Structures are given as structure tokens and as C-alpha cells.
Amino acid sequence: TSAVILPYVHYPTVSSDMLSRVHGFAKTIYYAALMVLYGFCGKCVDLALVNSSWTQDHIRALWKLKASRMALVFPPVDTSSLSKFPLPDRLPIILSIAQFRPEKNHKLQLQAFHHAISHCQIPDDVELVMIGSCRNDQDRQRTDELILMVTEMKLNHRVRLRVNADISKVREWLSKSMVGIHTMLDEHFGIGVAEYMAAGLIPLAHRSGGPKFDIVASHDMGFLASSIEEYAEALG
């Protein structure tokens, strides 16, 4: 008997969104060929499980699957313990929790915060706290670049970086912060955004991917933005 193939897809290996952002003839040909091969492989599955509506749309387009051969299964999120955090007496803290990887776009957070201070007159006591882990020397170099940006923007007294903080410290920041910021383009689901909401923070997420279609799905659930100005306006 043949084996049953049942993948759980978190993020498409290649998608039309990725292809649209590729520059150069050789790279375009490479990714176009990879997309064809990826689509061929996908047609062999019996049932495709996907982690978000965004992923589902891309897998449906790539693998040409009928609705009966797809199932949307959101990742598990620990909402029970986070939802116990009290809402009163929150501090004016904008919290960012994300690995210091390039796609998380921490520079956009700094640019938006700086713009909000200079153009939107947010109160003087508002702080930005950026928490994340570093996997390697490249990630550590990125944190050094962020620290340099903070200095150049003269935000040393209003921005804190916490690298490789343990989970107890992360939960402590979640319990007392007011806003949770997220700036990754095409986040496949966005567990971090869901955790912000569970912990009682107001989410400010990128207008794309899972945060747009599955988490901050209406105006009364939080804010979505994509540019420096939109993020700054939401913070103001």
C-alpha cells in the first residue's frame, strides 16, 4: 500500500509574493523553476494542513488543490496563562518580541518610534523595549546596528534592547506593557501577535500575512500598518 502524505505547511518554500520581489534575470528564472517544481511536489499530497489563511491561499495557488484536500489548523498558542495578567496599571511601554533576524525588520520599529516622537507628539514617558534572541554572529551584528541607530536618533533614554532574555523576563514585560509591535512582512501566522493580545497588549502589526487575515482581523482588535508613517500614527 502507498503511504499517506499529510504535510503541515508553516511557510511556503516559494510563492508568487517572493517571486515578485526577486531582482535579476538569473534569480527570476531560478525561483520560477523552483515554484514549478514545488507545485509538482504539492500535487502528491493527500491532505495539506496549513497554519494560516495566508499560507492556505498560497498553497492552494501553488499546489492546485481542491478545498477538500486542505485543512486550516492554527498553531497552538498559550493563551490561558497569558490571559491571567492584570490589565490595570500598565506602563507606557511599546514591546517588541522577535528574534533579531533581518525579516523581523526591527529598524522599521525604531524609525516609526522616532517619527512618532518627532511628528505625533507621543508622551515623553513612552518607551520602546525590544526583546529577542540572537542565533549567530550575524544576528549579534544586527543588534549592534540597532544600538547605533538608537544613539544616532538620540533615543538612548527611551529604547531598551534585551538580548536573549529568559522566559520569566519576557513574561514580566508582557505583563506590564501596553502595546505590542510587529513589523515583519508576510508573517505566515504570527504567534507573537496572538500572544500580545492574550497578554492584554494592544497589537500593532504589519498589514500582511497571518496578522492581517487571521489575528487582527477587524479594527476593534488592534492596528495594522506597513509604512513608517502609518506605524507612527498608530503609536500617536
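1. Helix α10, which covers residues 228-235, lies across β4, β7, β8 (202-206) and β9, and its direction makes an angle of about 175° with that of β8. The coordinates come from a predicted model, and the points below should be read with that in mind.

2. The strands named above belong to an open sheet of six strands, ordered β6-β5-β4-β7-β8-β9, in which the pairing is parallel. At the edges stand β6 (159-163) and β9 (223-225), and because each has a single partner strand, one side of each is left without a neighbour in the sheet. From one strand to the next, the twist averages 20°.

3. Within this sheet, strand β4 (residues 93-97) pairs with strand β5 (residues 127-132) in the parallel sense, over five bridges. One point of reference in that pairing is Leu95, whose bridge partner in β5 is Val129. Helix α5 (residues 106-119) lies across β4, β5, β6 and β7 (179-181), and runs at about 175° to β5.

4. Glu127 deserves a separate look, as a residue of strand β5. Is Glu127 buried or exposed? Its relative accessible area is 17%, and since buried means under 20%, Glu127 counts as buried. The side chain of Glu127 makes a polar contact, at 2.8 Å, with the side chain of Arg160. Leaving aside residues up to four places away in sequence, Glu127 touches Pro92, Ile93, Ile94, Phe113, Arg158 and Arg160.

5. Helix α3 (residues 53-63) is largely enclosed by the rest of the structure, because eight of its 11 residues are buried. The buried residues are Ser53, Trp54, Thr55, Gln56, His58, Ile59, Leu62 and Trp63. Their cover includes the helices α1 (16-20), α2 (25-42) and α9 (209-215), together with the strands β1 (8-9), β2 (48-50) and β3 (70-72). Just after α3, Lys64 adopts a positive phi of about 55°.

6. For the protein chain as a whole, the model contains 10 helices and nine strands, and the C-alpha trace spans about 65 × 45 × 35 Å along its principal axes. Of the 236 residues, 43% are buried, while the chain exposes about 12,600 Å², with carbon and sulfur atoms supplying 58% of that area. Among contacts between residues at least 6 apart in sequence, 65% join residues at least 24 apart.

Key. Residues numbered from 1 in each chain as written. Predicted model: local features only at pLDDT ≥ 70, side-chain atom pairs only at ≥ 80, totals over all residues. Heavy atoms only, no water. Pairing = 2+ DSSP bridges. Helix = DSSP H or I, 4+ residues; strand = E, 2+ residues; numbered from the N terminus. Axes fitted to C-alpha atoms, helices over the stretch in contact; angles between N-to-C directions. Contact = heavy atoms within 4.5 Å. Buried < 20%, exposed > 50% of the residue type's maximum accessible area, 1.4 Å probe, protein only. Polar contact = N/O pair within 3.5 Å; in protein donor to acceptor, adjacent residues only side chain to side chain. Areas by Shrake-Rupley, 256 points an atom, 1.4 Å probe, with all protein chains shown as cover.
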